[in-house]
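Hello,

Here is the structure I promised to pass on. Please have a look, and then read on for what turned up in it.

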Amino acid sequence: MPDDPLEPARCRMAAAVTEQDLISEAALAHDAVTEFVATRSGAATVAQSWSSLVRTALAAAARLVGTHRGVWYASGSVGRGDALPGSDLETLFVRADDSTPDAALAHAAQVHELLGACGFRGDDNGAIAARVRFNRTAREWADAIGGWTADPAADRGVVMIGLLADALPVTAGPDLRGQVGTAARAHPAALTAMLQDATYIRAHVPSRLRLLTTADDGVDIKLAAVDPVVRISRWAALSCGSDALSTRDRLRDGAGSTYLDSLDARELDKCHAIGSSIRWRVRAARWNADVPGSRRGEFEDRVELSMLSPQDRTALRSIGRELNGIRRKLDYLASTSTFSSW
């Protein structure tokens with residue numbers, strides 16, 4: 001078995017001559033995930049390989065659908081290199097100045113239709129280049145970045161800053177990530193908003209007391225244990241001027257800076273690694289299950305704690321406590337103007 005079971009399929013996808021070739025190779029890539037499952041590969045290894053595979057699929061699909069002048073970007077977990085099999089795909093597009101919006105949107109819709117046939121679904125929240133918001137000229141993107149960073153509370157500015165901060169071009173093009181980083185550091189309100197978003201609690205790991213009182217032991221592993229670290233690391237990277245993409249690299253660059261204590265960065269890295277590992281074990285267990293859609297990775301991240309091993313339950317509760325402590329600390333530091341260099 002090769003070191004990376006997805007590498008053969010990825011190479012053939014990059015060289016695909018027809019859309020059917022790409023669909024066939026994508027199916028083989030999904031089948032090859034079972035080798036990761038069988039060998040119990042670590043979540044970080046799987047995520048790096050899968051993210052690269054999906055970026056290759058995006059580039060190949062754009063090429064096969066037909067030449068359209070513009071640049072495709074993968075964002076979200078695929079752009080960061082954090083995507084596990086089953087993750088959705090967020091995309092952005094910079095269209096050429098002489099391209100009409102309708103033509104660029106039609107092109108993007110066809111690309112995503114092909115990707116869907118390959119088993120790579122677009123973002124569940126609609127952050128894809130087939131929508132006007134995510135399909136602009138370079139000038140339009142630059143103007144919008146200026147607006148979002150100057151007033152992040154308007155026009156979903158925090159969401160858009162986050163997407164741009166994670167954007168990785170699959171072909172050569174404008175440095176959207178660098179543009180949004182520079183603009184955010186020039187506007188204190190943008191970094192404040194990103195920190196507030198990063199420390200906002202979206203999901204809890206149920207405590208034993210809650211189980212006794214509500215009998216609800218469901219937990220969304222992504223929202224409760226992984227996503228908070230992703231958001232904090234993104235904020236820290238934007239704040240300190242790091243151009244890193246992966247969550248681990250962002251934490252490394254932010255550690256020891258004005259924005260992130262070294263010990264906190266180390267704990268966050270540990271939380272992300274353990275949370276991602278538990279999330280991957282849950283997905284791996286379901287990958288070959290006889291569940292409609294599971295072969296194409298249409299998984300939910302919500303799981304009942306009672307379905308997990310005692311070790312994983314303990315680990316998730318520990319992550320929950322660590323994240324709550326770091327959130328409170330960051331909120332306090334922000335309230336005391338510690339991040340005054342903004």
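Let me begin with strand β2 (residues 90-95), which pairs with β3 in the parallel sense over three bridges. Two strands pair if DSSP finds at least two bridges between them; strands (E, at least two residues) and helices (H or I, at least four) are DSSP runs numbered from the N terminus. This is a predicted model, where local features need pLDDT of at least 70 and side-chain atom pairs count only at pLDDT 80 or more, while totals for chains, interfaces and linings use all residues. Residues are numbered from 1 along each chain as its sequence is written, and side-chain values use heavy atoms, with hydrogens and water left out.

The whole sheet is open and mixed, with four strands in the order β3-β2-β1-β4. Because β3 (135-137) and β4 (168-169) stand at the edges with a single partner strand each, one side of each has no neighbour in the sheet.

In β3, R136 is the bridge partner of V94, and its charged end sits over the ring of W141, 5.2 Å from the centre (CZ of Arg or NZ of Lys within 6 Å of the ring centre and within 35 degrees of the ring normal).

Now the aromatic residues. The structure holds five aromatic pairs, meaning rings of Phe, Tyr and Trp (its six-membered ring) with centres within 6.5 Å. Ring pairs join W50, F120 and W287 in a cluster.

The largest pocket holds about 930 Å³ of space. Of its 40 lining residues, E90, N125, K222, D227 and R231 are closest to the centre. Helix α11 gives the most to this lining, with seven residues.

On terms: using a 1 Å grid over the protein atoms alone, a cavity is a set of points where a 1.4 Å probe fits but cannot get out, and a pocket is an open set with protein on both sides within 12 Å along at least five of seven lines; lining residues have an atom within 4 Å of a point. Volume is the space filled by probe spheres set on the points.

Best wishes

Methods: Phe/Tyr/Trp six-rings, centres within 6.5 Å; stacked < 30°, edge-to-face > 60°.
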